[in-house]
Amino acid sequence: MPGTSVRSPLGNRTRSVAGQVFVLQVAIVVLLAAGALLALVLQSRHDIDREARSRSVAVAETFAHSLGLQEALKTSDPSAILQPLAEATRKDAGVDFIVVMDTEGIRYTHPQPDRIGKRFVGTTEPSLAGQVHTESVQGPLGKEIQAVVPVTAPDGEVVGLVSAGLTVKNVTGLLDRQLPVILLAIATGLALATGGTALISRRLRRQTHGLGTQEMTRMYEHHDAVLHSVREGVLIIDGEGRLLLANDEAKRLLGLPDDAEGRHVGEVPGLDRRMADLLMSGRVATDEVLETGDRLLVVNQRPTHTRGRAEGTAVTIRDSTEMRLLTSRAETARRRLKLLYDAGVDIGTTLDVERTAEELAAVTVPRFADYVTVDLADAVLDGDEPGPGADMRRTAVAGIRSDHPLYPRGRLIDFLPSTPQARGYGTGEAELVPDLAEAPGWQAQDPPRARAIVEYGIHSLIAAPLTARGVVLGVVNFWRSEKPEPFDEDDLSLAEELVARAAVSMDNARRYTREHALAETLQRSLLPRALPEQSAVDVAHFYLPAQSGVGGDWFDVIPLPGSRVALVVGDVVGHGLHAAATMGRLRTAVHNFSSLDLPPDDLLARLDDLVQRIDHDDTGDGEGNSTGVLGATCLYAVYDPVSQRCTMARAGHLPPLMVTPDGTARIVELPTGPPLGLGGMPFETAEVYLEEGSQLVLYTDGLVEERSRDIAEGLELLRTTLSRPGRDPRESCRAVLDVLLPDRPGDDVALLVARTRTLGPDRVAQWDVPPDPSAVGVVRNAAAGKLEEWGLGELGFATELILSELVTNALRHGRAPVRVRLLHDHTLTCEVWDGSSTAPHLRYAATTDEGGRGLFLVAQLSEHWGTRYTPEGKVIWAEQVLPGPS
């Protein structure tokens, strides 16, 4: 494409330092190989020439000294004898010719027979003089290298000459045969040298990243500029501890002289000893701080690995002296943020005012102050809002030592207006007292104690009021003693932040305390304080509110006419004032309905209607928040000690347990009714016979249900715990609580254990009344006799009058059968039964009326009277107090 520069890859490579080095090294290797080849050729030629001369001399001398040579020279035809010998020897010795001649140079032998008898070509004078002579001549065979050796007689006279030699052609052939080996060796060496050069160039290319000389020069200049201008010291030390490099910053930080490079680290003048020890150790160091003179240096040291082994260290040094102040401030800010975070987590873990104050004191000692005291207005501890000028009670004290002279915990303190505590409580503003020894207003509170505090070493104070939702609850005092510097404005801001966070938790705890106290007061007023007097059952009971506060569980024992008793247990879902108030309404309703002597199923039906009306009336609080009954259950049981039968019904409640006198415990099979307030479903009753001494156990789900077990397991555990004979109600109650009561109940726990008693035949008198007015007198007389038998003769007149009126009304206005029953219990009860469901009404008779005064007399003569309905009709009853000491 136009404008595009096309460069050869080879050209690019030769531009780099590695490429240039490669080309240069290859050229050098080629020149060296050529020189070596020339030298080898010349050397080979020289060696072959020398070898040829040596062989020629050796063959010539051997032949010259051979036996019979001189005798053959003296014969008339030496050639005939010597020619065969010379040719045989020539072939065995590997030379080209052996020539024997006389002293005149006439040949006796020659490889070419036609040359015999002719003059020898060469120099003979040195040999005639007794010397060995070698030379190169142009002979009959061509270019020849020959040696001439004299043949001397015993008397030293030269009698002949022997010449042996090689032609240059054969010598050159030997060189030609050696030349391929020489060339192969040179080629192998050239290949190895070129390969080594390529490897070195490749490694150099990796190290230089293909840069050329100019780029390398610029890179070095940049490296040198950066190395000596960077604000971080750099040192390079070899494996022997010698300083190889130190940039300008390192020399400045360590005070090194200009000639420090090249010296051993231990011999560099001015180098701090601790720094020198670190540099000579060669160990790894990461952000290690060393104080050198007036500088604080941060040192990093790493070993340098060359060819896989450590050969020294590279060291970087930073000056952190200027950063010390900033680091200290940052660390202080981090510690304060951490303190605020921990305060948010650790303060307010409970809804208890005193515990919250203790948590505030504990979280700030010793991280912020050496001593912390929390003074709260007395009303706050009771959950109320404090008024102005209220006395404060020391609620929490924490410190690094326990022998401090500060006011102890629980002390009621009336701070003077001159104290920072009183001013802070009045204005809601925190106050800093940097020097307590110079604070007369604070000292005026208690001069002797103030002197003791100052002498103890406490010298600075921050008084920060606890303000939440515009109400000052108290004052938190931060005292400093161990740290010599006083509190400053930053500490004051931190104290205000700490106290502001704690004040919200403190106010929440105060509000909860108030609500909890109100709920407890309401619940105590609604739950039975003492069980009423009755003789049908012996009762033991237990109630424990949940950890989160009082709730809506309740129980009751209600005496009923005819010596009967009603046992009730109920549960309202939820906790707090609303649950307690709802429980009180339901308990009052049960009392009212039980006064009508309704059967259990009818009573629960009326209670269900009441809950529905409550839900309808309390559908909201005007802001869309429902305040009705979230859920309620109830179990109602009526026990008759005369018939020993118990009639029960339940509305969504857990079934009771019955324990027989022999210790057999079982769950009473009782029909399940819907919880109160659902409506639309009838309630069913069940009747069981209870032997005397049997126990009936009523409870709420908080006893048997827990996170670690379900209701079925809890019921079985309850049944197993109760399966033991011979216990009284208190022992049974204690055994159940020991086994099933949770350590931290999440729901209210109510337990009612009732052991049955009976009203025996000796305390019950019963007569059937025939439908005859004359039977009234018979019943009256029989009752009077029974009262005398019971020792109740004092009640005879009133009883006869009551029975006369009630029996007369039954005969006149009711239907048969009519029956009379007297019960001798803690009261004397007169009961008149008839088959009519028409209820009598008490009224005031006029002066002109002839009747209508009977029930009025009954009401006046008895303590209580009333009517209850049965499936067969009704019962009109009247109770009289037994005579006894006033």
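Me: What should I know about the model before starting?
Reply: Residues are numbered from 1 along each chain as its sequence is written, and side-chain values use heavy atoms, with hydrogens and water left out. The model is predicted: local features need pLDDT of at least 70, side-chain atom pairs count only at pLDDT 80 or more, and totals for chains, interfaces and linings use all residues.

Me: At what angle do H22 and H23 pack?
Reply: Helix H22 (residues 775-790) and helix H23 (residues 796-813) pack at about 150 degrees, with axes 9 Å apart. Helices are DSSP runs of H or I, at least four residues, and strands are runs of E, at least two, numbered from the N terminus. Axes are lines fitted to C-alpha atoms, for helices over the stretch in contact, and angles run from 0 to 180 degrees between N-to-C directions.

Me: Which residues of H22 are buried?
Reply: Among them are Val776, Val779, Lys786 and Trp790. Buried means under 20% relative accessible area, with a 1.4 Å probe and protein chains only.

Me: And just after H22, which residue takes a positive phi?
Reply: Gly791 does, at about 80 degrees.

Me: New topic: how many aromatic pairs are there?
Reply: The structure holds four. Rings of Phe, Tyr and Trp (its six-membered ring) pair if their centres lie within 6.5 Å; planes under 30 degrees apart count as stacked, over 60 as edge-to-face and the rest as tilted.

Me: Why is the pair of Phe368 and Phe487 tilted?
Reply: Their ring planes are at 35 degrees, so the pair is tilted, and the centres are 5.6 Å apart.

Me: Are those two buried or exposed?
Reply: Both Phe368 and Phe487 are buried. Together with Phe478, they form one aromatic cluster.

Notes
Buried means under 20% relative accessible area, exposed over 50%, partly exposed in between (1.4 Å probe, protein chains only).
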